[in-house]
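Have a look at the model below before reading on. The notes after it walk through confidence, layout, packing and a couple of individual residues.

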Amino acid sequence: RSPMPSLQTTNKPRIAVTMGDPAGVGPELCVRLLQNAEIAAELTPIIFGDAAVLERVAKQLGWSFSAPII
């Protein structure tokens, strides 16, 4: 079994966000959060939710989804 990827490679704070209802606005907000370079420069967001839903929403927005999934 391979080791779990590191979520924190710097001293940036981590923030946990729940995706909420898969049929609501939460998944889109989470994808937008993960795509925001200014936020990524300041902290490491950790999303709790269904990765397949986030991938589907990102595709609907025309964005790639490359966040590590653990």
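What follows is a short report on this predicted model.

## Ground rules and confidence

Numbering starts from 1 along each chain as its sequence is written. Since the model is predicted, local features need pLDDT of at least 70 and side-chain atom pairs count only at pLDDT 80 or more, while totals for chains, interfaces and linings use all residues; side-chain values rest on heavy atoms, with hydrogens and water left out.

The protein chain has a mean pLDDT of 86, pLDDT being the predictor's confidence in each residue, from 0 to 100. In this chain, 86% of the residues reach 70 or more. Where pLDDT is low, the predicted coordinates should not be read in detail. Among the elements, helix H2 (residues 37-42) has the lowest mean pLDDT, at 92, and strand E1 (residues 14-18) has the highest, at 95.

## Overall layout

You're looking at three helices and two strands. These are DSSP runs numbered from the N terminus, with helices being H or I over at least four residues and strands being E over at least two. Going along from the N terminus, the order is β-α-α-β-α.

Of the contacts with a separation of 6 or more, 68% come from residues 24 or more positions apart. The chain has 70 residues, and 20% of them count as buried; that means under 20% relative accessible area, with exposed set at over 50% and partly exposed in between (1.4 Å probe, protein chains only). The accessible surface is about 5,100 Å², worked out by the Shrake-Rupley method with a 1.4 Å probe. Carbon and sulfur atoms own 55% of that surface.

The salt-bridge count comes to one, going by a side-chain nitrogen of Lys or Arg within 4 Å of a carboxyl oxygen of Asp or Glu. The partners are Arg 32 and Glu 28, whose closest N and O atoms are 2.8 Å apart. Both sit in helix H1 (residues 26-35), four residues apart, or about one turn of the helix.

Buried or exposed, or something in between: where does Arg 32 fall? Arg 32 counts as partly exposed, at 38% relative accessibility. Glu 28 is partly exposed too, with a relative accessible area of 32%.

## How H1 meets H3

H1 packs against helix H3 (residues 51-61) at an angle of about 75 degrees, their axes 9 Å apart. So H1 is roughly perpendicular to H3, a label that covers 65 to 115 degrees. The axes here are lines fitted to C-alpha atoms over the stretch in contact, and angles run from 0 to 180 degrees between N-to-C directions.

On the H1 side, the residues involved are Pro 27, Glu 28, Cys 30, Val 31 and Arg 32. They meet Val 53, Leu 54, Val 57, Ala 58 and Leu 61 in H3.

Val 53 is part of helix H3 and is buried, at 11% relative accessibility. Leaving out neighbours within four places in sequence, Val 53 is in contact with Met 19, Pro 22 and Pro 27. Its C-alpha atom is 9.1 Å from that of Ala 23, 30 residues apart along the chain.

Glu 55 is in helix H3 as well, but this residue is partly exposed, at 38% relative accessibility. Which residues does Glu 55 touch, not counting those up to four places away in sequence? They are Phe 65 and Ile 69.

Key. Contact means heavy atoms within 4.5 Å. Angles under 35 degrees count as roughly parallel, over 145 as roughly antiparallel, 65 to 115 as roughly perpendicular and the rest as oblique.
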